[in-house]
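Subject: The structure for you to look at

Hi there,

Here is the structure I promised to pass on to you. Have a look at it first, and then read on for what turned up in it.

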Amino acid sequence: MRTQTAEFPDPSSSAGEPTIITIDGPAASGKSTIGHAVADALNYLFFDTGVMYRAVTRAALDRGVNVHDADALARLAETIDIDIAPPTPDQDDGRQSTILVAGEDVTWSIRAPEVDQNVSIVAANPRVRQALSAKQRTIGQRYGSGQAEKPGIVMVGRDIGTVVLPEAGLKIYMDASAEERARRRLLDLEARGKAVDYQQVLADIIARDRMDSERDHSPLRPAGDAVIIDTSHMTPAEVVAAVVDLVRQAGS
Ligand code: CDP
């Protein structure tokens, strides 16, 4: 399960538990819910890398940058100011973190349908990926070294175990049937007061998965040493317990 090479030493805590945990998987497979809860249980930092691709997409749509214009999009990703902050007590609206682009709160606007429909085009751009994954790697290494404010990091996305942090001590690939993932996303959207159609949500998820899996650069796929968890018939509490168990086992 663990990767150890001279180039990428496997960071682990003094108890031998992995300090870098990666969770990759398709859209709405539960990565953020589970990643956040696992990070809470371990007192690790939770970092959802999808918000960075979403933030670039939001900015492109707002600033009139054509998502098919590879150079303009790359320049945007290379210069954009994205910040992620813990929610303040008055931001009690269900957010896991506050996402800021040039100081503007985009926490909810990055979840809009037009972002869902364009984000995989943005994420297929190799220069966008290079710019964002370099930042993700820096953060991952800082927390993984145990020298940051938290003793470790849970980072979620599509290519974290394969490309961004291949030295991670525990890699999870989280999956569920497309129908179950669409059902969960529908419940999320309804909870936020959005009227949406199940068939449309399912079609968007399938289209995004296809683009994410078939792109040339860092496609979505499990790392060779990832533990695959199919969450279709599991409750969130069961999945969290399974991941925390894997962390403890890796340390024993
Ligand atoms: O929450 P959900 O699973 O719907 O998506 P997300 O994790 O917020 O990611 C949004 C999109 O960003 C994905 O569909 C990918 O196109 C892209 N992404 C990526 O390419 N690599 C990552 N490490 C994270 C996200």
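A word on element names before anything else: helices (H or I, at least four residues) and strands (E, at least two) are DSSP runs, numbered from the N terminus. Please keep in mind that this is a predicted model, in which local features need pLDDT of at least 70 and side-chain atom pairs count only at pLDDT 80 or more, while totals for chains, interfaces and linings use all residues. Residues are numbered from 1 along each chain as its sequence is written, and side-chain values use heavy atoms, with hydrogens and water left out.

**Confidence**

pLDDT is the predictor's confidence in each residue, from 0 to 100. The average for the protein is 92, and 94% of the residues score at least 70. Residues 1–7 stay under 50. For that stretch the model has 19 contacts beyond four places in sequence, where a contact means heavy atoms within 4.5 Å.

**Two loop residues with a positive phi**

Most residues other than glycine have a negative phi. A102 is not a glycine, yet its phi is positive, at about 50°. Where does A102 sit? Its place is the loop between β4 (98–101) and β5 (104–105). For exposure I use relative accessible area: buried is under 20%, exposed is over 50%, and partly exposed is in between (1.4 Å probe, protein chains only). With 52%, A102 is exposed.

S218 also has a positive phi, near 50°, and is a residue other than glycine. You will find S218 in the loop between α8 and β8 (227–230). Is S218 buried or exposed? S218 is buried, with a relative accessible area of 17%.

A102 comes up again in the surroundings of R63: leaving aside residues up to four places away in sequence, R63 touches L76, V101 and A102. R63 itself lies in helix α2 and is partly exposed, at 48%.

**The ligand site**

A residue is near a molecule if one of its heavy atoms lies within 4 Å of it. There are 20 residues around the ligand, and R54, R129, R208, D212 and R215 come nearest. Which side chains bring an N or O atom to an oxygen atom of the ligand? One is R129, at 2.8 Å, and another is D212, at 2.6 Å. A polar side-chain atom of R185 is 2.9 Å from a ligand oxygen. For these polar contacts the limit is a pair of N or O atoms within 3.5 Å; within protein, one must be able to donate a hydrogen and the other to accept it, and residues adjacent in sequence count only if both atoms are side-chain atoms.Taken alone, the ligand exposes 530 Å², and the protein buries 99% of that; the areas come from the Shrake-Rupley method with a 1.4 Å probe, and for residues only the protein chains shown count as cover. The elements that give two or more residues to the shell around the ligand are α2 (50–63), α4 (113–123) and α8 (198–214).

**Salt bridges**

A salt bridge here is a side-chain nitrogen of Lys or Arg within 4 Å of a carboxyl oxygen of Asp or Glu. How many salt bridges are there by this rule? The count comes to 19.

R127 pairs with E78, and here the closest N and O atoms are 3.1 Å apart. Because R127 lies in helix α5 (residues 126–144) and E78 in helix α3 (residues 70–79), the pair ties together parts that are 49 residues apart in sequence. R127 is partly exposed, at 33%, and E78 is partly exposed, at 40%.

The bridge between R183 and E180 has its closest N and O atoms 3.0 Å apart. Both residues lie in helix α7 (residues 178–191), 3 residues apart, which is about one turn of the helix. R183 is partly exposed, at 41%, whereas E180 is buried, at 15%. There is also a network of salt bridges that links R58, D62 and E114.

**One more loop residue**

N125 is in the loop between α4 and α5. At 8% relative accessibility, N125 counts as buried. Not counting residues up to four places away in sequence, N125 touches A70, L73 and A74.
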